[in-house]
Amino acid sequence: MVLRFRLGLADLAATYFACSPLQEAVLSLRMWTHPGQYPHGAAFEAMRPAFEALPQAPLLRALVASNKYVPDFLTPRPTVPFPEFRAELAVVRAFDPARLAEELAVTFLPHDRVLPPLLAERADRPAALVAEVADALQAYWTHVLEPAWWPRARSVLRADIVHRSRVLAERGAAGLFADLDHRLHWSDGVLTIDRDWGDGDLDVAVDRRGLALLPTCFARGALTAIGPDLTPSITYLTRGQGNLSGPPDPPPAPHALEQLLGTPKARLLALLQEPTATTELARRLGVTPGAVSQHLAVLHATRLVTRARHGRLVLYARSPLADQLLGPWAEPRQGLPSE
């Protein structure tokens with residue numbers, strides 16, 4: 001089965017990347033209902049005590065169907081590249097309660113046949129249920145995800161967008177879509193998605209609604225969301241998963257490079273296999289962001305790192321010159337677009 005997005009020139013021009021904190025919060029609920037299915041489970045096990053302490057934890061688990069589907073109204077399409085969590089949650093709070101029964105039926109009944117008990121017993125009060133779910137997501141974000149996990153995930157997701165933007169600039173739409181997922185194919189204005197869900201083939205004319213491309217930490221492949229009045233979207237697995245659950249200790253730098261640059265700067269260069277933000281580098285090195293910023297300023301002035309602003313974040317990456325210095329110790333890295 002395939003899904004075909006038909007994009008004209010105006011549609012392709014309106015295609016955009018976005019990084020949705022609400023989508024990541026909602027999809028991350030799969031970590032509590034389907035543990036072991038994603039490569040960064042260790043990070044979530046560390047957060048389990050905080051999650052289990054939430055009074056809303058049972059309701060949050062109930063939002064995930066046995067096939068890992070979640071109600072679409074919980075992941076509205078971002079209208080800006082980097083929305084704030086609370087602004088996105090306001091869209092959920094404003095959801096029309098009269099549509100809730102249909103949303104829950106589409107999510108749970110085809111596969112599970114029944115609604116989860118916690119949702120079924122509240123279904124006759126849809127407005128109250130929408131508000132309760134929104135409050136639960138707010139608590140989950142505030143007490144579990146935002147303090148430690150989201151800064152790391154945000155850095156990974158935005159680094160992914162930097163990479164994809166570079167692929168688009170260098171290889172065009174065909175290269176971009178092939179880079180997102182092996183199931184995506186672009187030819188003659190048609191984006192084809194091979195899929196193992198849904199009923200039969202489907203053709204969708206984008207009709208100047210744009211196309212949103214959303215990296216996520218919680219998918220096994222490209223997913224799509226469509227509707228008659230909504231911006232079509234493709235959610236795909238982000239690069240850099242290892243940065244979310246990998247060992248906190250940075251890789252060792254060559255001794256000769258440490259003698260040349262000093263240990264802190266050499267370790268920074270060894271870390272920069274992917275574009276990374278200052279706060280994430282500081283976490284991995286166990287130092288303050290201010291200390292990292294000082295070293296990065298020197299490395300940038302000597303053309304050993306490049307940097308690019310992405311929203312409110314500044315991402316750093318090794319330059320080709322730094323790769324030459326690292327020599328055989330250099331892991332393959334993804335640089336940034338030219339400054």
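Colleague: How many aromatic pairs does the structure hold?
Modeller: There are 11 aromatic pairs in the structure. Rings of Phe, Tyr and Trp (its six-membered ring) pair if their centres lie within 6.5 Å; planes under 30 degrees apart count as stacked, over 60 as edge-to-face and the rest as tilted. This is a predicted model, in which local features need pLDDT of at least 70 and side-chain atom pairs count only at pLDDT 80 or more, while totals for chains, interfaces and linings use all residues. Side-chain values use heavy atoms, with hydrogens and water left out, and residues are numbered from 1 along each chain as its sequence is written.

Colleague: Why is the pair of Phe44 and Phe218 edge-to-face?
Modeller: Their ring centres are 5.7 Å apart and their planes stand at 90°, so the pair counts as edge-to-face. Phe44 lies in helix α4 (residues 41–52) and Phe218 in the loop between β6 and β7, so the pair ties together parts that are 174 residues apart in sequence. Helices (H or I, at least four residues) and strands (E, at least two) are DSSP runs, numbered from the N terminus.

Colleague: Are Phe44 and Phe218 buried or exposed?
Modeller: Phe44 is buried, and Phe218 is buried too. Buried means under 20% relative accessible area, exposed over 50%, and partly exposed in between (1.4 Å probe, protein chains only).

Colleague: Which residues form the aromatic cluster?
Modeller: One cluster is formed by Trp32, Phe44, Phe51, Phe85, Tyr140, Trp141, Trp149, Trp150 and Phe218.

Colleague: And what sits over the ring of Phe82?
Modeller: The charged end of Arg158 does, 3.9 Å from the ring centre. The criterion is NZ of Lys or CZ of Arg within 6 Å of the ring centre and within 35 degrees of the ring normal.

Colleague: Turning to the sheet, in what order do the four strands come?
Modeller: The order is β2-β6-β8-β7, in an open sheet with mixed pairing. β2 (15–17) and β7 (223–225) stand at the edges with a single partner strand each, so one side of each has no neighbour in the sheet. On average, neighbouring strands are turned by 20° against each other, direction ignored. Two strands pair if DSSP finds at least two bridges between them.

Colleague: In which sense do β6 and β8 pair?
Modeller: β6 (residues 211–216) and β8 (residues 233–237) pair in the parallel sense, over five bridges. Pro215 stands opposite Tyr236 in β8.

Colleague: Which strands does helix α10 lie across?
Modeller: Helix α10 (residues 149–180) lies across β2, β6 and β8, at about 130° to β6. Axes are lines fitted to C-alpha atoms, for helices over the stretch in contact (heavy atoms within 4.5 Å), and angles run from 0 to 180 degrees between N-to-C directions.

Colleague: At what angle do α14 and α15 pack?
Modeller: α14 (residues 278–285) and α15 (residues 289–301) pack at about 110°, with their axes 8 Å apart. The two helices are therefore roughly perpendicular; that term covers 65 to 115 degrees, with under 35 roughly parallel, over 145 roughly antiparallel and the rest oblique. Thr278, Leu281, Ala282 and Leu285 in α14 meet Pro289, Val292, Ser293 and Leu296 in α15.

Colleague: How many residues of α14 are buried?
Modeller: Six of its eight residues are buried, including Glu280 and Arg284. Just after α14, Gly286 takes a positive phi of about 75°.

Colleague: What about Lys68: buried or exposed?
Modeller: Lys68 counts as buried, because its relative accessibility is 15%. Its phi is near 80°, a positive value in a residue other than glycine.
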